[in-house]
Amino acid sequence: MDGFFARYRNALVLIAVLVVFTIGLAVQVRRPDYGSREDGKHVRVFRYWAVALVSPFERVFRATGQGIRGIWHNYIDLRDVRRQNEQLKNDLNRMRLYQAAMAEDARQGQRLQALLEFKQQYIAKTVAAQVIGTSGSEQSRVLYIDKGIADGLKPDMAVITPDGIVGKLRDVFQHSAQVLLISDTTSGAGVVLETTRIRGVLRGTTDGRLRILDVLPDSRIKPGEPVLTSGGDQVFPRGLKAGVVESIGQDRNYALVTVKPTANLARLEEVLVVMEKGAVAPEQVAATENEPETGARGEHLPQLKPETPEEAAKNAKEAPLPRPTPAVRQDTYSPGATPSAATLTPGARHDNAAAAPSTEAGGDQH
Amino acid sequence: MTALGRMYSSRREMDEHVFHPAISLLVPLVAVFAGAYLPKLAPWLMILDLPLVVVIFFSVARRSPISGVMTGALVGVLQDLLLNQPIGINGMVKAVVGYVAASISLRVDVDALATRVVMNFSFCLLQSLMLLGIYQWLLRDANVQTRWLHELLRAGVNTVVAIPLFFLLDYAKQRA
C-alpha cells in the first residue's frame with residue numbers, strides 16, 4: 001500500500017486538489033446568477049483579502065504614474081527651456097509651472113463641471129470614484145474603484161459616466177469595490193430603444209460586446225438608434241444612455257441586436273456611483289419597477305436580493321400613500337377642489353361652488 | 001560549475017532549482033497585480049496571462065509535480081479572487097498545467113529556447129481548452145463561446161512575452 005502511494009504520489013496530489021476544487025465549485029454555483037450577485041459572506045472574506053493585497057499597489061502605481069507624468073511635463077520641459085535661454089529661465093519656469101497647473105485645473109474643472117451638470121440632470125446623489133484596476137482576465141469584465149463601504153457604497157448600486165451606463169457594484173469592501181461591467185456575460189440591464197420603444201434585456205457577450213436579447217424581428221430597428229435604460233431592472237435609473245444600435249442580425253426567430261456602449265468601457269478613469277435615484281417621477285418609477293423585465297422568451301434579468309419579511313414591512317411603512325388618479329371631469333368631490341383647512345375662517349360662509357365654478361357650470365349644462 | 005562540487009544521483013537532481021522565498025512569493029504576486037493593472041493602461045493587454053507564464057516557469061524550474069500543482073493552485077486561486085466567478089476555476093486549470101509542465105520537465109530539456117516556445121504556446125492552448133471544458137460541462141454555462149482564432153492569438157502573444165520573462169527569471173534560479 002505504501003508502495004502504491006509512493007509511486008503515484010504526484011498524481012494523487014493532483015487528483016486531491018482537483019476534487020477539492022470541484023467540491024468548492026459545486027458549493028458555490030448553487031447560488032443562481034452567481035456572477036452578477038454579491039458574494040456570500042465566506043467567499044467575500046477571501047475576495048476582500050485578495051483585493052486588500054492588490055489594491056494598495058494599484059493605488060501607488062496610479063499615483064506614481066500621475067507623478068511621473070507631472071515630472072515629465074514640468075521638469076523635463078523646463079530643463080530644455082533653461083538650455084535655450086539662461087536669462088529667462090526663472091520667468092519661464094514660473095510661467096510653465098503656472099501654465100501646467102492651470103491647464104490641469106482647467107481640465108479637472110471641465111471634467112467636474114460635466115459630471116456636476118450630469119448629476120443635476122438625472123441623479124439625486126452620486127459619489128465620484130477613480131478606477132484603480134481590472135480583473136486582469138477576459139473571463140470576467142470587472143473593474144475596481146477606490147471607494148467602498150466607508151463612502152456609503154452598497155452592492156447593486158448603478159455605476160455610470162456622463163457618456164452612459166458602466167455597470168453595477170458587485171462586491172463592496174471597506175475602501176474599494178468591484179464593478180461588474182455591462183459587457184460581462186453575467187451582467188444585465190433593462191433597456192428600451194428610444195424611437196421604437198421596444199424593450200429588452202441588454203447583456204454582455206463572451207467577446208465583450210453588448211447584445212439585446214430575445215427581441216422579435218422588427219424592420220423599424222435601425223443602426224444608430226439610441227438605447228436607453230428602462231429602469232425596470234431596479235438598478236439603473238430610467239432614461240440613461242446605454243448605447244446605440246450597431247447592427248441587426250437574425251438568430252432563429254429572434255433579432256440579434258448588437259449595441260455599442262456610449263461609455264468607453266475600456267478606458268474608464270472616473271465613474272459616478274448612483275447613491276440615490278431622484279430625478280424620475282415617482283409614478284413612473286412605480287409603474288416600471290412593478291413590471292418584471294422579460295424578453296420574448298420570458299428570461300428574467302438578474303434581480304436584486306429578494307426582500308425579507310422585515311424589509312418588506314419596513315418598505316411598506318416608508319412607501320408614500322397612493323395618490324388618486326386625476327379626475328376626468330372636476331366636481332366638488334374631486335381631489336384638490338376643496339380649499340385647505342388653513343385658509344378657512346371659523347364661522348365664515350364658504351361657497352364650494354365658488355371654489356370650482358367651472359365644474360359646477362359644466363355640470364349644470366349637462 | 002558549482003553543481004559539480006556535489007554528488008547528484010540523476011540529471012533531474014542536477015537540474016532541480018530552488019528560489020529564494022521572497023522570489024517565490026513576490027513574482028506570482030507581481031504577475032497577478034500586473035495582470036490586473038496593465039489592462040487599465042492599455043486594454044488590449046487583457047490578452048496577457050502573466051500568472052500562467054509564472055506557473056509554467058516555476059513548475060519546470062523546480063521539476064517537482066507536487067510543487068507544480070501547488071504553485072498552479074495557489075496562483076490560480078489568487079487570480080480567481082479578483083474575478084466575479086466561482087473561486088477555483090483557474091485554480092484547477094493552473095494546477096493541471098503546473099503538474100503537466102513539471103512532469104514534462106523531468107523528461108525534456110526545458111531550458112532550450114525552442115522547447116520553451118512550444119511549451120508556452122501549448123500550455124496556453126491547453127488552458128483555454130480546459131477552461132472551455134469547465135464552463136461547458138462542469139458549470140453548464142450556456143454563454144460561453146470559444147473563439148479559437150483569438151485563443152491562438154492569445155497563445156502567441158503570451159509565448160512572445162514568456163520567452164524574455166523566462167530569461168529574466170533564470171537569474172533568480174539557485175541550484176537545489
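Colleague: Hi! Is the crossing of α5(B) and α6(B) left-handed or right-handed?

Modeller: The crossing of those two helices, α5(B) and α6(B), is right-handed; a crossing counts as left-handed if the near helix is turned anticlockwise from the far one by less than a right angle, and as right-handed if clockwise. Before we go on, this is a predicted model, where local features need pLDDT of at least 70, side-chain atom pairs count only at pLDDT 80 or more, and totals for chains, interfaces and linings use all residues. Residues are numbered from 1 along each chain as its sequence is written, while chains are lettered from A and ligands numbered from 1 in the order in which they are written.

Colleague: Thanks. At what angle do α5(B) and α6(B) pack?

Modeller: At about 145°, with the axes of α5(B) and α6(B) 10 Å apart. Axes are lines fitted to C-alpha atoms, for helices over the stretch in contact, and angles run from 0 to 180 degrees between N-to-C directions. Helices (H or I, at least four residues) and strands (E, at least two) are DSSP runs, numbered from the N terminus.

Colleague: And which residues of α5(B) meet α6(B)?

Modeller: I89(B), M92(B), V93(B), V96(B), V97(B) and A101(B) do, and among their partners in α6(B) are F123(B) and L126(B). Contact here has C-beta atoms, placed from the backbone, within 7 Å. The classes there are twelve nonpolar, one polar and no charged residues. Nonpolar covers Ala, Val, Leu, Ile, Met, Phe, Trp, Tyr, Cys and Pro, charged covers Asp, Glu, Lys and Arg, and the others, Gly among them, are polar.

Colleague: Switching topic: how many residues of chain B are in contact with chain A?

Modeller: 33 residues of chain B, against 40 residues of chain A. On the chain B side, α2 (21-41), α4 (65-81) and α5 (89-105) each give two or more residues. By class that side has 23 nonpolar, eight polar and two charged residues.

Colleague: What about α3(B), how many of its residues are buried?

Modeller: 13 of the 13, so α3(B) is largely enclosed by the rest of the structure. Buried takes 20 or more other C-beta atoms within 10 Å of a residue's own, exposed 12 or fewer, and partly exposed lies in between, with C-beta atoms placed from the backbone.

Colleague: What comes just after α3(B)?

Modeller: R63(B), with a positive phi of about 55° although it is not a glycine. R63(B) is buried, with 22 other C-beta atoms within 10 Å.

Colleague: And where does Q234(A) lie?

Modeller: In the loop between β9 (226-229) and β10 (241-251) of chain A. Q234(A) has a positive phi of about 65° and counts as partly exposed, with 17 C-beta neighbours inside 10 Å.

How values were computed
Two residues are in contact if their C-beta atoms, placed from the backbone, lie within 7 Å.
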